[in-house]
Amino acid sequence: MLYLGVAAALALAAPTDLSVPTPPPAPIHGGAASAPGSWPAVVAISLGSFLCTGTLVSSNVVLTAAHCLSKKPNIDTILVRLGDDINGPGSAVKAIAYGFDPDFCADCDADIHDYGYIVLASSQPQAAPFPRVITRQEEWDELMFVDAPITLVGYGLDENENQGVKRQVEVPITEFSKTGLEFQAGGKGLDTCQGDSGGPAFAKLATGEYVIAGVTSRGYTCGKGGYYSVPMGGLCWLYDDSKLDLRPPGCDACDCLDTAPGESGCGCRSTTPDPAAALLLLIPLALRRRRR
């Protein structure tokens with residue numbers, strides 16, 4: 001299974017001039033470029049010569065994937081870039097801290113706790129409104145079932161090797177893990193790809209609000225579908241490690257949301273791919289290689 005962000009060893013050469021853009025990443029597989037100014041909280045994360053995506057969930061904290069950070073890159077190599085095109089105008093913000101879930105398990109088949117965060121050196125209020133993660137049972141029941149639509153956003157590789165533009169694509173949820181703390185989505189040419197790791201999977205409430213349903217984790221060959229970690233599974237760790245509290249009131253143990261799929265939402269399908277064949281996705285900015 002290919003991780004959608006960092007691949008093997010990270011290249012840790014730190015950029016020396018924030019005014020000089022790093023080599024560009026590439027956009028989501030299928031779909032289209034996002035409308036200018038949409039998804040302002042979705043950001044690109046440069047880690048030396050590698051790329052991930054993330055979501056500002058407060059003015060200075062980015063939610064991303066654990067595998068983007070699990071190699072423990074030098075803090076000076078991490079830059080977070082706002083904007084629709086990382087080669088165009090936009091700010092590059094340094095990181096002052098980061099962390100990843102200690103339960104992250106790259107070798108596990110399901111529920112791998114692919115949660116990480118980055119603390120920025122300065123607040124970014126211009127990126128508001130900051131999206132919420134799903135923590136309410138009524139929202140989960142409304143949005144999270146097999147065939148429900150989600151919108152994937154990221155800077156990762158597209159099917160034409162185009163680069164650097166924030167893109168989006170709507171895909172259906174296809175399956176849940178037994179706990180519901182991870183789901184699969186996409187396929188038939190519409191998918192996340194290398195460089196999209198850590199980016200958001202948004203679901204749209206009846207009110208019109210988009211909430212974070214998943215964090216982009218890993219997948220098969222680009223276009224054949226990917227895996228997404230449900231944020232609720234990492235909120236207690238996130239609070240303990242960063243003091244950012246995204247939990248709902250009265251849910252200190254993070255046990256107030258029943259994510260386990262019922263019989264009607266089991267997501268069972270007759271040709272489920274082998275989870276062992278999927279890989280964590282990380283794209284070296286210079287190599288532009290697809291998932292193998």
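1. In this predicted model, a disulfide links C193 and C222, with an S to S distance of 1.9 Å. The torsion about the S-S bond is 80 degrees, which makes the link right-handed. C193 lies in the loop between strand 11 (182–185) and strand 12 (200–204), and C222 in the loop between strand 13 (210–219) and strand 14 (226–229), so the pair ties together parts 29 residues apart in sequence. Both C193 and C222 are buried.

2. A disulfide also joins C52 to C68, with S to S 2.0 Å. This link is left-handed, with -95 degrees about the S-S bond. C52 belongs to strand 4 (residues 50–56), while C68 sits in the loop between strand 5 (61–64) and strand 6 (78–81), 16 residues apart. C52 has a relative accessible area of 0% and C68 one of 1%.

3. The sulfur atoms of C251 and C256 are 2.1 Å apart and form a disulfide. Its S-S torsion is about -100 degrees, so this disulfide is left-handed. C251 is buried, at 0% relative accessible area, whereas C256 is partly exposed, at 34%.

4. The whole structure holds five disulfides. With the bonded cysteines numbered in sequence order, the pairing is 1-2, 3-4, 5-6, 7-9, 8-10.

5. The protein chain has two helices and 16 strands. In helix 2 (residues 235–242), L235, W237 and L238 are buried. Seen down the helix axis, the buried residues of helix 2 fall within an arc of 155 degrees, so they line one face of the helix. Strand 7 (92–100) and strand 8 (116–120) are included in what covers them.

6. Of the 292 residues of the protein chain, 54% count as buried.

Note on methods:
Residues are numbered from 1 along each chain as its sequence is written. This is a predicted model: local features need pLDDT of at least 70, side-chain atom pairs count only at pLDDT 80 or more; totals for chains, interfaces and linings use all residues. Side-chain values use heavy atoms; hydrogens and water are left out. Helices (H or I, at least four residues) and strands (E, at least two) are DSSP runs, numbered from the N terminus. Buried means under 20% relative accessible area, exposed over 50%, partly exposed in between (1.4 Å probe, protein chains only). The arc is that of the directions from the helix axis to the C-beta atoms. Contact means heavy atoms within 4.5 Å. A disulfide is a pair of cysteine sulfur atoms within 2.5 Å.
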